[in-house]
Amino acid sequence: MDATGYLQKLGLTDKESALYIAALELGVQSPVSTIAKRAKINRTTAYDVLEMLVEKGLIITHRKRHLHYYEALPPEKLPAYLEEQS
């Protein structure tokens, strides 16, 4: 099973999975535009989806000046997410 399939099995949507993987691959705090471009998702859609991932505890957000930067938490955090879902 690929990473996207695994994340969907955990209950993430296609877009949530794509954005989480893109943020994880970038490996650094990145603006929405960079993550959305890597995930091939519309930037305006990415804002909402990234906020859902923040609420789920899989992405953290940082504010620098007036911009939000997002960073994926390591995959090791996924089991904790699974426990919260059950």
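Colleague: Which residues are buried in α3?

Modeller: This is a predicted model, where local features need pLDDT of at least 70, side-chain atom pairs count only at pLDDT 80 or more, and totals for chains, interfaces and linings use all residues. Residues are numbered from 1 along each chain as its sequence is written, and side-chain values use heavy atoms, with hydrogens and water left out. Buried means under 20% relative accessible area, exposed over 50%, and partly exposed in between (1.4 Å probe, protein chains only). In α3, the buried residues are Val32, Ile35, Ala36 and Ala39.

Colleague: Why do the buried residues of α3 line one face of the helix?

Modeller: Helices (H or I, at least four residues) and strands (E, at least two) are DSSP runs, numbered from the N terminus. The arc is that of the directions from the helix axis to the C-beta atoms. Seen down the axis of α3, its buried residues line one face because they fall within an arc of 100°.

Colleague: What do the buried residues of α3 pack against?

Modeller: Contact here means heavy atoms within 4.5 Å. By that rule, the partners of the buried α3 residues are α2, β1 (30–31), α4 and β3.

Colleague: In what order do the strands form the open sheet?

Modeller: Two strands pair if DSSP finds at least two bridges between them. β1 and β3 pair in the antiparallel sense over 2 bridges, and the edge strands, each pairing on one side only, are β1 and β2 (59–64). The 3 strands of this antiparallel sheet run in the order β1-β3-β2.

Colleague: Is Thr44 buried, partly exposed or exposed?

Modeller: Thr44 sits in helix α4, and its side chain makes a polar contact with that of Asn42 at 2.4 Å. Such a contact is a pair of N or O atoms within 3.5 Å; within protein, one must be able to donate a hydrogen and the other to accept it, and residues adjacent in sequence count only if both atoms are side-chain atoms. Its relative accessibility is 47%, so Thr44 counts as partly exposed.
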